[in-house]
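Trainee: Before I take any label at face value, could we go through this model together and set each value against its cut-off?

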Amino acid sequence: MRVTERIHLVGSGSYGFGLTHHSDCHIWLIDGGSEAALIDAGAGVDTPAVLARIDASGVARDRIRRLFVTHAHADHAGGATGLRTALGLDVHASPEVGAILRAGDERLASVDIGKAQGTYRPEYVYGALDTVEAVADRQRIRVGDVEIEVVATPGHATGHTAYLVQDRARSDLFTGDTLLFGGLIILQNTWDCDLTTHLATMRRLGEHPHDGLFPGHLAFSVSDGSRHVRTALAAMDRGGIPPTL
Ligand SMILES: [Zn+2]
């Protein structure tokens, strides 16, 4: 599903548009021309469905070289092993997230809580990756005609990272679970969710004006995406916290 000249949605579950398995987050495909990249991987329960969406996008598989992961939760990162096997991707994530992905640690990724809730079936396996390329805050990585800037956004989960995708025409912020449409945030009873850290992250997002807002779930905005950050900051300026999902 193409949403801008360069951005395709190739995966999305029940907290989205139902394109692929119900447990998938939004999986974004960025077409940089000579090269393309994915942002987030979905849960990995039905990788063939994601590959079919990629093929339908018209972006040739051999142009997709990289996967950028926002955080280690299974709905975002569990699909990394399957997509890497299918597409031969370099996987990029923060050092904290990379450590969890390499260990395939279900407790650190809070998959144990997801299984207890019934979000994931008991036999679900959160696979381990052999290598993950560490990204650092403010690092810029070129993908064809676009530049992807790393924006550290801890709070929802340890090592959470947003990605600011820019070309000559526009800038688009991919926020994972840090900020959703309408200024929503996601606070969870997980070991690494931290409100104070999250609120500091929201202030930082206000320093990155952008055209499009492309979160990991629910709706997105192709224009004036910064208004969702402003909504969250307005709640904080009133002494409150942004509304939570
Ligand atoms: Zn999450």
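This is a predicted model: local features need pLDDT of at least 70, side-chain atom pairs count only at pLDDT 80 or more; totals for chains, interfaces and linings use all residues.

Trainee: Why does Leu195 count as partly exposed?

Mentor: Its relative accessibility is 33%, and since buried means under 20% and exposed means over 50%, a value of 33% falls in between, so Leu195 counts as partly exposed. Leaving aside neighbours within four places in sequence, Leu195 is in contact with Leu187 and Ile241. Thr158 is 37 residues apart from Leu195 in sequence, and the two are 12 Å apart in space, C-alpha to C-alpha.

Trainee: Why is Asp40 called buried?

Mentor: The relative accessible area of Asp40 is 2%, and the label buried needs a value under 20%, so Asp40 is buried. Asp40 lies in the loop between β3 and α1, and its phi is near 70°, a positive value in a residue other than glycine.

Trainee: And why does Ser110 count as buried?

Mentor: The same cut-off applies: at 8% relative accessibility Ser110 is under 20%, and therefore it counts as buried. Ser110 has its place in the loop between α4 and α5, with a phi near 60°, which is again a positive value in a residue other than glycine.

Trainee: How do you know that the span of helix α7 agrees with what its twelve residues should give?

Mentor: The expected span is 1.5 Å times one less than the number of residues, and for the twelve residues of α7 (residues 226-237) this should come to 16 Å. The end C-alpha atoms of α7 are 16 Å apart, so the two values agree.

Trainee: Which residues of α7 are buried, and what covers them?

Mentor: In α7 the buried residues are Ser226, His228, Val229, Ala232, Leu233, Ala235 and Met236, and their cover includes α6 (195-205) and β11 (212-215). Just after α7, Gly239 takes a positive phi of about 90°.

Trainee: Which residues of α1 are buried, and what covers those?

Mentor: Thr47, Ala49, Val50, Leu51, Ile54 and Ser57 are the buried residues of α1, and what covers them includes β1 (7-11), β2, β3, β4 and α3.

Trainee: What makes a set of residues a nonpolar core, and how many residues has the largest one?

Mentor: The members must be buried residues of the nonpolar kinds, such as Leu and Tyr, joined through side-chain atoms within 4.5 Å. The largest nonpolar core has 33 residues, and Leu38, Leu101 and Tyr126 have the most contacts inside it. Among the elements that each supply at least two residues of this core are β2 (27-31), α1 (47-57) and α4 (95-103). A second, separate core has 20 residues, including Leu19, Ile39, Phe68 and Val135.

Trainee: What is Leu101 in contact with, leaving aside its neighbours within four places in sequence?

Mentor: Its contacts include Val69, Ala77, Val91, Tyr126 and Val132.

Trainee: How is the lining of the largest pocket divided by class?

Mentor: The lining has eight nonpolar, 13 polar and three charged residues. Of the 24 residues that line this pocket, Asp75, Gln117, Thr119, Tyr120 and Gln188 lie nearest its centre, and the largest share of the lining, four residues, comes from α5. About 590 Å³ of space lies in the largest pocket.

Technical notes. Residues are numbered from 1 along each chain as its sequence is written. Side-chain values use heavy atoms; hydrogens and water are left out. Buried means under 20% relative accessible area, exposed over 50%, partly exposed in between (1.4 Å probe, protein chains only). Contact means heavy atoms within 4.5 Å. On a 1 Å grid over the protein atoms alone, a cavity is a set of points where a 1.4 Å probe fits but cannot get out, and a pocket is an open set with protein on both sides within 12 Å along at least five of seven lines; lining residues have an atom within 4 Å of a point. Grid points are joined across faces, edges and corners, and a volume is the space filled by probe spheres set on the points. Ala, Val, Leu, Ile, Met, Phe, Trp, Tyr, Cys and Pro count as nonpolar, Asp, Glu, Lys and Arg as charged, and the others, Gly among them, as polar.
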